[in-house]
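Trainee: I would like to learn how to read a model of this kind. Please take me through it feature by feature.

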Amino acid sequence: MMLEAKNVRKHFDGLEVLKGISLTVEKGDVVAILGPSGSGKTTFLRCLNFLERADAGELIFDGERFDLRTAARADIARVRKKTAFVFQNYNLFLNKTVLQNVTLGLTLAGKMKKAQANEIAVRALERVGMGGKLDSYPSQLSGGQQQRVAIARGLASNPEIIYFDEPTSALDPELIGEVLSVMRGLAEDGMTMLVVTHEMDFARNVSNKVLFMADGSVVESGPSKAFFEHPQQARSRDFIKSILDARQ
Amino acid sequence: MTERLWNILTDSFPKLLDYGIRVTIPLTIASFALALIISVAVALIQYADVKGLRQICRFYIWIVRGTPLLVQLYLVFYGLPKLGVVLDALPTAILVLGLNEGAYMAETVRGALESVSRGQMEAGYCVGLNYLQIMTHVVLPQAFRTAFPALSNSMIAMLKETSMAATITVMEMFRQAQVINGRVYEPLALYGEVALIYLIFCTILTWLQHKGEKRLAAYGGKKA
């Protein structure tokens, strides 16, 4: 077991957004976190990387135990070193080139030599098909290209797991495919991934596990195939049906 | 134009320009540098929400923006000696101009910092950077670009405000025009002439601003 989250709770302004979420991730798992808007998926993912402070909960990562509410700054830095986070709206550093976006963390946080960082960055960018845009600025790229650079930025630090927070939700429909195919490639290479998504094809065909949430609770979780073919809960069935209906 | 007037103009022009270059411009640069340091510090304290200091910053901005520059100059130069605080005219001018424009610029810089998306900070944390690294490499450079046109504005305003230093006996360009006028009494010609030199200085600053903006735009295009 590589990552375990236990009983994660969080509220905003009196509203309980997470009512005790637990999740176990094995190395190489691709977990799709599904659910209607407002179900707490994104908040859950953000709590795991301390972008939000949970009210309660525990994270066991690589055999090390962290309190999601009280973890010290040094512990948080240690967790983040082993993880990468891909945001819905990319959040590339707007004042940095594509190459600099990927090397910044390596040289500043990783204290790596510039030449070595460049080499790693170019390799990561080539892996996502962005090797030809090293000197472009984010504003000169399409959303799909920006998101691929963001994935390369995450890959460069050689993380043990990558968190994706609705990576295709901000993209024009014709750009979604290029990002999903990069993610599919990572999954095939055995990368451990936690993906909050509305892309049902991805959840069904690429992920091997599903965590289905509604109203801050886990409604159903298990292997993707079983979830889509034999959903156990009425809410899961309704959700899958509504997505399929919306597509027609 | 009479020959006398022509001679007055041609005699005074190099003198005024000389004071402009030797006093007005250095006074502008010194005051602006002070204002920049104050404004960045005050903006960062508010941005980072440093308890206690934040209230002091708001108080400073409130006082400075709520009182006229001329009154501030008089208060420090003529008023403070009553409390035993005696400063020379030039340091007083630099201090007051810097403190004055610094309050306006602090609001400019704070606005620019707050315009940088929260996501930039989060992305920085996620690639392992600490707060200081994110501020210096990501947030401040972006804020600087946003603030640049307004800061240029402040610098141009400050260049002209240095003429106020004449009221506390600083021998700068405008004061020199007053002195020459006191001798020859040609106010239209002399004040017209000094206005022209201010205009030339400001035109140069505007041109520099334009160059600077172009350069900043080349490094990164417009914000997405």
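Trainee: What radius of gyration would a compact globule with 248 residues have, and what does chain A have?
Mentor: The radius of gyration is taken over C-alpha atoms, and the globule rule is 2.2 Å times the number of residues to the power 0.38. For 248 residues the rule gives a value near 18 Å, and chain A agrees because its own value is 18 Å. The C-alpha trace of chain A spans about 55 × 45 × 35 Å along its principal axes.

Trainee: Where do these coordinates come from, and how are residues and chains labelled?
Mentor: This is a predicted model, in which local features need pLDDT of at least 70 and side-chain atom pairs count only at pLDDT 80 or more, while totals for chains, interfaces and linings use all residues. Residues are numbered from 1 along each chain as its sequence is written, and chains are lettered from A and ligands numbered from 1 in the order in which they are written.

Trainee: Where in chain A is confidence lowest, and where is it highest?
Mentor: pLDDT is the predictor's confidence in each residue, from 0 to 100. Where pLDDT is low, the predicted coordinates should not be read in detail. Chain A has a mean pLDDT of 95, with 100% of its residues at 70 or more. Confidence in chain A is lowest in helix 9 (residues 234–247), with a mean of 87, and highest in strand 7 (residues 161–165), at 98.

Trainee: How many helices and strands are there in each chain?
Mentor: Helices (H or I, at least four residues) and strands (E, at least two) are DSSP runs, numbered from the N terminus. Chain A has nine helices and ten strands. Chain B has eight helices and zero strands, and its C-alpha trace spans about 75 × 50 × 25 Å along the principal axes.

Trainee: What share of each chain is buried?
Mentor: A residue is buried if 20 or more other C-beta atoms lie within 10 Å of its own, exposed if 12 or fewer, and partly exposed in between, with C-beta atoms placed from the backbone. In chain A, 49% of the 248 residues count as buried. In chain B, buried residues make up 37% of 224.

Trainee: Which residues have the most contacts inside the largest nonpolar core?
Mentor: In soluble globular proteins, nonpolar side chains tend to be buried together. A nonpolar core is a set of buried Ala, Val, Leu, Ile, Met, Phe, Trp, Tyr and Cys residues joined through C-beta atoms within 7 Å. The largest one here has 130 residues, and those with the most contacts inside it are Ile33(A), Ala152(A), Met193(A) and Leu194(A). Helix 1 (residues 3–47) of chain B supplies the largest share of this core, twelve residues.

Trainee: Which residues other than glycine have a positive phi?
Mentor: Most residues other than glycine have a negative phi. Asp62(A) has a positive phi of about 55°; Asp62(A) lies in the loop between strand 4 (56–61) and strand 5 (64–67) of chain A. Asn91(A) has a positive phi near 50°.

Trainee: Is Asp62(A) buried or partly exposed?
Mentor: Asp62(A) has 13 other C-beta atoms within 10 Å, so Asp62(A) is partly exposed. Asn91(A), with 24 C-beta neighbours inside 10 Å, counts as buried.

Trainee: How many residues of chain B are in contact with chain A?
Mentor: Two residues are in contact if their C-beta atoms, placed from the backbone, lie within 7 Å. By that rule, 19 residues of chain B contact 24 residues of chain A. Helix 5 of chain B gives the largest share of the side of chain B that touches chain A, six residues.
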